[in-house]
Amino acid sequence: MFKSWQVFVFCLVFLALLFAGVIIGSIHGSDSEAQVIPTVPPRAENGDKPAPTAVPGATQIDLVAENLLFDTSSLSATAAQPVSILFDNRDAGVLHNFALYADRGYTQAIFQGELTTGPVTTTYTFDAPSTAGGYFFRCDVHLDTMTGQFTVN
Ligand SMILES: [Cu+2]
């Protein structure tokens with residue numbers, strides 16, 4: 001049989017191992033907790049609305065309306081081919097649209113996109129004019145400041 005001092009030493013060793021196990025376990029536990037990085041699901045820019053979808057085969061144009069201005073004054077497309085304009089109205093509470101005209105005086109409308117109130121992204125789809133040449137686009141709300149050349153090739 002074991003002598004009493006052997007039992008005592010055995011118990012000491014057992015308790016030491018148990019104590020070490022608890023310490024190591026708690027350190028390991030907190031380490032693995034620290035490694036858990038909370039993931040934030042990607043948020044759609046338009047809240048709950050699905051992102052506008054592109055039209056396959058169409059000329060893709062990105063157009064931004066911000067601070068009462070377009071981000072470009074020059075756009076182009078291929079004659080008689082579909083055009084898909086991803087229109088990003090970034091002005092909160094402000095009406096903007098994209099409209100295409102045949103003349104510099106903006107009297108002959110070819111396409112007039114629906115007015116949008118920002119911030120919102122809309123897709124406008126229409127067929128480019130069948131005749132190549134210079135056309136004119138604008139926002140129908142901001143006639144003087146949001147205008148540009150639309151070249152059909
Ligand atoms: Cu506008």
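Student: In what order do the 5 strands of the open sheet stand?

Tutor: They run β3-β11-β10-β6-β7, and the pairing is mixed. A strand here is a DSSP run of E at least two residues long, a helix is a run of H or I of at least four, and both are numbered from the N terminus. The model is predicted, so local features need pLDDT of at least 70 and side-chain atom pairs count only at pLDDT 80 or more, while totals for chains, interfaces and linings use all residues. Residue numbers start from 1 along each chain as its sequence is written.

Student: Why are β3 and β7 said to stand at the edges?

Tutor: β3 (74–77) and β7 (109–112) each have a single partner strand, so one side of each has no neighbour in the sheet. From one strand to the next, the twist averages 25° (axes are lines fitted to C-alpha atoms, for helices over the stretch in contact, and angles between N-to-C directions run from 0 to 180 degrees).

Student: How do you know that β10 and β11 pair?

Tutor: Two strands pair if DSSP finds at least two bridges between them. β10 (residues 133–138) and β11 (residues 147–152) have 6 bridges, in the antiparallel sense, so by that rule they pair. Within this pair, Phe 137 sits opposite Gly 148 in β11.

Student: What about the open sheet with 4 strands: which are its edge strands?

Tutor: The order is β2-β1-β4-β9, again with mixed pairing. β2 (69–70) and β9 (120–127) are the edge strands, each pairing on one side only. Inside, β1 (residues 59–66) and β4 (residues 82–89) run parallel and are joined by 7 bridges; Ala 65 has Asn 89 in β4 as its bridge partner.

Student: Why is Asn 67 called exposed?

Tutor: Count the other C-beta atoms, placed from the backbone, within 10 Å of a residue's own: 20 or more is buried, 12 or fewer is exposed, and in between is partly exposed. Asn 67 has 9, so it is exposed. You'll find Asn 67 in the loop between β1 and β2.

Student: And how do you know whether Ala 80 is buried or exposed?

Tutor: Ala 80 has 12 C-beta neighbours inside 10 Å, so it counts as exposed. Ala 80 lies in the loop between β3 and β4, and has a positive phi of about 65° although it isn't a glycine.

Student: What makes a set of residues a nonpolar core?

Tutor: The members are buried Ala, Val, Leu, Ile, Met, Phe, Trp, Tyr and Cys residues joined through C-beta atoms within 7 Å. The largest one here has 20 residues, and Ile 85, Phe 98, Leu 100, Phe 137 and Phe 150 touch the most other members. At least two residues each come from β1, β3, β4, β6 (99–101), β10 and β11.

Student: Which residues is Phe 150 in contact with, beyond its neighbours within four places in sequence?

Tutor: Leu 75, Leu 100, Tyr 135, Phe 136 and Phe 137. Contact means that the C-beta atoms, placed from the backbone, lie within 7 Å.

Student: What makes the peptide bond from Gly 118 to Pro 119 cis?

Tutor: Its omega is near 0°. Pro 119 is in the loop between β8 (116–117) and β9.

Terms used:
Two residues are in contact if their C-beta atoms, placed from the backbone, lie within 7 Å.
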